[in-house]
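Q: Could we go through some features of this model together, with the general idea stated before each case?

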Amino acid sequence: MDLSIPAELDMLRRLARRFVDDELMPLERDFKLDMLEELPDLIRGPLIGKMQATGLWALAAPREYGGGGIGLLGFCLVVEESYKCLVGRNLWLLGNPSGFDYQRPDHLERYILPTIRGEKRGCAALSEPNAAGDLAGIETTATRDGDTYVINGAKCFVSLAGKADYAVVLTRLKGTTRRDGMTWFVVDRGTPGFRVVRQQEMLGGYDTYELAFEDCVVPAANLLGEPGQAWNTGQERLGQGRIQIGARALGVAERCLSLATSYAKRRWTFGHPLADRQGVQFMLADSAVEIHASRLMVVDAAWKAERGEDVRQEAAMVKLFASEMAGRVADRALQIHGAAGLTKDLPLERLYRDARPMRIYEGPSEVQCWVIARNLLRK
Ligand SMILES: Cc1cc2nc3c(=O)[nH]c(=O)nc-3n(C[C@H](O)[C@H](O)[C@H](O)COP(=O)(O)OP(=O)(O)OC[C@H]3O[C@@H](n4cnc5c(N)ncnc54)[C@H](O)[C@@H]3O)c2cc1C
């Protein structure tokens, strides 16, 4: 079995790495580290232009619509590079419209193409105050009324909703429970009854929001997919998302290990560099081994997903192992840096906080364990 990365994907990875090093790392050094997820428009606009010029924008969108047409494996490689830096990570995600049917001309003109061109952006609103990990428990309802639906409910922790032009919203048809009746809608910002309630400040500087839908009327044309079918379509998307989170965790962990390795060579205590100490060497070695294992898991799962295999089990394993791994690697890197690692002078403090939510979002570790065990016990 050949696990090497195909030459064209390796070229793409190197292109992404150069963009991160040349364009994003200098911004990381210039900015106050806690304000980085949402870049100011004056910086974001030109960066998107540069990504478009170098062929790095909208990589996952189909080529015939102006995207890069790369599969999950290539996208994971790019995401891994982007997560080594604290700045501009969402730029790699924003140009890739998700959840739409490209055969629908109205959605193509209104949402898909403007998103691929970088003119519009969306957010995904699934989580609710009473149901986030357990999405079958959502309470936001959609009630049919002639040619429209009326949406009522509350969403929370929605990433990047503050500047989104539209939200892809998970609802349930009025009167249904659990997996039955779950239905996707796209709702434009500015639709009466749809409100961004507040930003929810969070550890790690993530940019998440609470949303409200109060008698929010949307045309039936805003349905995504068939009414009541959202559970099935959502599962495949969640699986791919979990593999991609493995790639994010890899990026964070690699940056932490690289910082720790160079610091261990520079920092002397008791007449020797830290790198001479076996205790420190063991920490570096453990991190390198865990990163290598995670990379193999991400590549294997992404490759299988691209071939159309059912990867629900692998996706849960990747999400579990890689997100927990990033926490351990960041923790060791911080320990090696001593007090310097805790200061905001270095990116490590932020990388450490950054790694923590990965064990929670898109399904906490315990839920991944539960999924893995359930699949095993079913056999
Ligand atoms: C940074 C960040 C960004 C996010 N972005 C988005 C977004 O863009 N859109 C969106 O819709 N949501 C988003 N979320 C929400 C995220 O998907 C949920 O937080 C996540 O699914 C977990 O749900 P919860 O927080 O309600 O935890 P709960 O489901 O309430 O679980 C709480 C804890 O209980 C334990 N637990 C739960 N179930 C089980 C079980 N079956 N077995 C054992 N233990 C269990 C786990 O330890 C878990 O951490 C985001 C969250 C974060 C942190």
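Q: Does Phe270 count as buried or exposed, and what is its relative accessibility?

A: Phe270 counts as exposed because its relative accessibility is 79%, where exposed means over 50% relative accessible area, buried under 20% and partly exposed in between, with a 1.4 Å probe and protein chains only. Before we go on, note that this is a predicted model, in which local features need pLDDT of at least 70 and side-chain atom pairs count only at pLDDT 80 or more, while totals for chains, interfaces and linings use all residues. Residues are numbered from 1 along each chain as its sequence is written, and side-chain values use heavy atoms, with hydrogens and water left out.

Q: What is the phi of Phe270, and where does Phe270 lie?

A: Most residues other than glycine have a negative phi. Phe270, however, has a positive phi near 50 degrees, and lies in the loop between strand S9 (268-269) and strand S10 (272-273); strands here are DSSP runs of E with at least two residues, and helices are runs of H or I with at least four, numbered from the N terminus. Leu160, which is not a glycine, also has a positive phi, of about 60 degrees, and is found in the loop between strand S3 (148-159) and S4, but Leu160 counts as buried because its relative accessibility is 11%.

Q: Which residues of strand S1 form the covered face, and which the uncovered one?

A: In a regular strand the side chains alternate between the two faces of the sheet. In S1 (residues 122-125), Cys123 and Ala125 make up the covered face, whereas Gly122 and Ala124 make up the uncovered one. S1 pairs with strand S4 (residues 166-173) in the parallel sense over four bridges, pairing being assigned if DSSP finds at least two bridges between two strands, and Val169 of S4 is the bridge partner of Ala125.

Q: At what angle do H8 and helix H11 pack, and how far apart are their axes?

A: Two packed helices are described by the angle between their axes and the distance between the axes. For H8 and H11 (residues 365-378) the angle is about 145 degrees and the axes are 9 Å apart, the axes being lines fitted to C-alpha atoms over the stretch in contact, and angles running from 0 to 180 degrees between N-to-C directions. The contact (heavy atoms within 4.5 Å) involves residues including Met317 and Leu320 of H8 and Val371 and Ile372 of H11.
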